[in-house]
Amino acid sequence: MQLAAAGSFLTLLQDDIVLIQTHTHSILQIVLLNLDHRDTVVSNAWLETLLSAIDALPKETIRQEILSPLVSKAQLSQSLQARLASCRILGKVACKFESPIVKKDLLPLVRSLCQDVEYEVRSCMCRQLENIARGIGLDHTKAAVLPELVELARDEGSTVRLAAFDTIINLLEMFDSDDRTRVIFPLVKTFCEKCFKADEAVLASLSFQYGKLCHGLSASFTEEQHLWFLEFYKKLCVLGLQHENGHSDNQVYPLELESKYALVRRNCAYNFPAMVLFADPNHFLTELYPTFSSLCHDPEITVRRTMAEGFHEIVKLLGPNVHFIHKELVVLLQDDSLEVLDALLSHLQETLELATSRGEGPGPESKQLIVPELVPALAAAEQKAALSLRWRVHERLLQRYACLPRVVSADQIYFRFLQRMFAIVTTNNVLPVQREAARTLCMFLRYNRKQEQRQEIIGKVLQELAQGRSYWNRLRYLDLCEIAMELFSKAYFCKHFLIQALELVNDPVANVRYKLCHMLPQLRSTIRLPADKHLLQQLEFCVRKLLCREKDKDVVATVRKTVLELDKMDITEPYHKRHERDLLDQKKEKEETLLLEMEQLERQQSEAKLTSEKHTEKKRRDSKTGLSGTKGLSGSTSGATLSTSSGKELRKAKLARSRSLSSHPTTPKMANPDKTLKVKDSGSCPGKGKNLLPMNADEALRSHHFSVAAASSVLSPTPSASSMPVLIRSNTTNTLVDHPHQHQHRSSTLDHRSTNGSKDTQSRKLSIQRKSNSFGMQSGRE
């Protein structure tokens, strides 16, 4: 009764049911009287009523009726409950009065309660110091409130210290830079160190407020102070997992202490996006990545779930450096707990789009690396959700997978996800999951750029759903048609889905015909006249068939209602709605046309690229063929292993050879054409008979004259040298340079025989030259 009365009196005041004067003289007195009720629950209820009433009461009423008795109730002689109520009332009324009144009338009571003998009173008053500071303003906060906070932060009671810590964090913007550097930072640092070593209960609140604390003080930090707070955060993130030196902690903690440590790490995970901003996203890899990876692999499910909930914020902050956390994204998708996956689903679309679109990093490999890892992880996550009993998680996952066309390639969707969507639509036992899979399937079809794949998907839909053996599958086809009407243009739907839907009028199961009857007005809205007049005739034929032949009473009743709706469609629909729908359909049709054009452009580009690759390969093979021909020619003339020559040099050599041959006089006496020139290795030369196989005299003479002619073309610029083939001269030159001993030997041979030239020698030289030229050209062709 007391609780109901407190709520009723508050409603009377807030809704202005009675006048303020009436409330002050009658109701307010009852409220103040019941503040001293012996039942704590009842007194607290009346206190909440009074605190809410203060917002609506005039200042004079508050001063006379509330503040006057408050002076006596705040004394040590009063009960603990009365002093606690006084603390809360002081914090509430401080914002109602001007700064001088607060400083003169309220501040003495505040100081008295901050020094109360009971720690509960000190803690309660400490939490109201924020309102007191805002009431007296910035000018007096430093002199009046800050000393009290400093003293309370060093209190022996942990709850008092925690209240002081929370109040300091909430008032950071009211302290100047000098106060933050000289007073607040040493105070907070001491508080953090003391809590970390001896007060695990306060660590939970400290870790929860840590991000706000760092951002409030970051503008006044030196580099050393900034580093200290960052290192302390890293220690909190591994609390209960590792020693400070980094080795694994094998100590077994009590269950209560272990749960406190897990709560601290969860709060650290909650503050991780704020700490990324504090440490600068550009330094994420060096400063925070190990901590980030540790939190994503934490043994506690609650910690990993909190990281999954804030993952999209971290992705936003990292920007172009998002490729640093691709591995952890895959880890969270593959987590053993479905709770972690469920937490990641809330912003999965945003996370995937940012992770892949801005994941190039320093090189182009990053995006290519994540996709092969991401696709199996997404497929495994869907399988895990499907095997669980939590079908709502599975439904949400399928809903988020509709964004995959913007994340992975069409081929990956086609080969990894499409068949799975068909399996869910046809075999899953949960209707919402089936419908969501059908929607995702339509999204895959909508943004697929390959004509062959689209035709195959549509064919499979018609075969397995529209013409399926189970009536359940045929019902799912009608569900898919409803989705397709939303996603595709009218022309696309009529071309691929409408006729098969109308054919279900002959379905043997009444449930299918019943659903089709409900859909007839929607199907009629997709038909555009006069272009689709034949489709309208077919729809009217279906309606007549249902009216004439239908025997199921529910279907008959539905058909009659549907006929009335069809008759009223063109009459009752407002013009502006029809116009908006037409504009939306035109937009869809333009998008579909654009996709077709992009497909044709990509196909042309791929064909051009393939043609270019074939042309390049052909040129490479031709160059190899020319190279082998040059090598064969040089081997036939000098017998040595020579450097490679290009096809252009080969053509120049052939031209020079034809000119040199035309400059020679023809002789009727030719060497025996059946004789074959035997070419030895680069170490063989005329005059070294010990190292050679036995030769007949004619072959030795030919080899001798060929060597003399080649050497003379290089060593002596005589008129006869210009008549030698250019290619042979260059090859011989290379041979002489590569083998100085041969050069010396051939020079001596040339000097020895320079005076013994004759016509016979000239004819033999020409014969040898022609044979070797023909042999080299034959080798080049081979």
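This is a predicted model: local features need pLDDT of at least 70, side-chain atom pairs count only at pLDDT 80 or more; totals for chains, interfaces and linings use all residues.

Q: What share of the 782 residues counts as buried?
A: Of the 782 residues in the protein chain, 46% are buried. The chain exposes about 40,800 Å², and 54% of that comes from carbon and sulfur atoms.

Q: How should I think about the nonpolar core, and which residues have the most contacts inside the largest one?
A: The general idea is that in soluble globular proteins, nonpolar side chains tend to be buried together. In this model the largest nonpolar core has 198 residues, and Y210, F229, F272, F292, Y477, F497 and L523 have the most contacts inside it. Helix α29, residues 471–487, gives the most to this core, with 9 residues.

Q: What does F272 touch?
A: Leaving aside residues up to four places away in sequence, F272 touches Y233, F284, L288, T291, F292, L295, M307 and I314.

Q: How do I read a pair of aromatic rings?
A: You describe such a pair by the distance of the centres and the angle of the planes. This structure holds 24 aromatic pairs. Take Y210 and Y233: their centres are 6.1 Å apart with 20° between the planes, and the pair is stacked. Y210 sits in helix α12 and Y233 in helix α13, 23 residues apart, and the pair links distant parts of the chain. Both Y210 and Y233 are buried.

Q: Why is the pair F493 and F497 called stacked?
A: Planes under 30 degrees apart count as stacked. The planes of F493 and F497 are at 20°, with ring centres 5.8 Å apart, so this pair is stacked. These two are 4 residues apart in helix α30, which means about one helical turn separates them. F493 is buried, because its relative accessibility is 1%.

Q: Which charged residue sits over the ring of W472?
A: That's R476, whose charged end is 4.5 Å from the ring centre. Over at F422, K460 lies over the ring face, 5.1 Å from the centre.

Definitions and conventions. Residues are numbered from 1 along each chain as its sequence is written. Side-chain values use heavy atoms; hydrogens and water are left out. Buried means under 20% relative accessible area, exposed over 50%, partly exposed in between (1.4 Å probe, protein chains only). Accessible areas come from the Shrake-Rupley method with a 1.4 Å probe; for residues, only the protein chains shown count as cover. A nonpolar core is a set of buried Ala, Val, Leu, Ile, Met, Phe, Trp, Tyr and Cys residues joined through side-chain atoms within 4.5 Å. Contact means heavy atoms within 4.5 Å. Rings of Phe, Tyr and Trp (its six-membered ring) pair if their centres lie within 6.5 Å; planes under 30 degrees apart count as stacked, over 60 as edge-to-face and the rest as tilted. A charge sits over a ring if NZ of Lys or CZ of Arg is within 6 Å of the ring centre and within 35 degrees of the ring normal.
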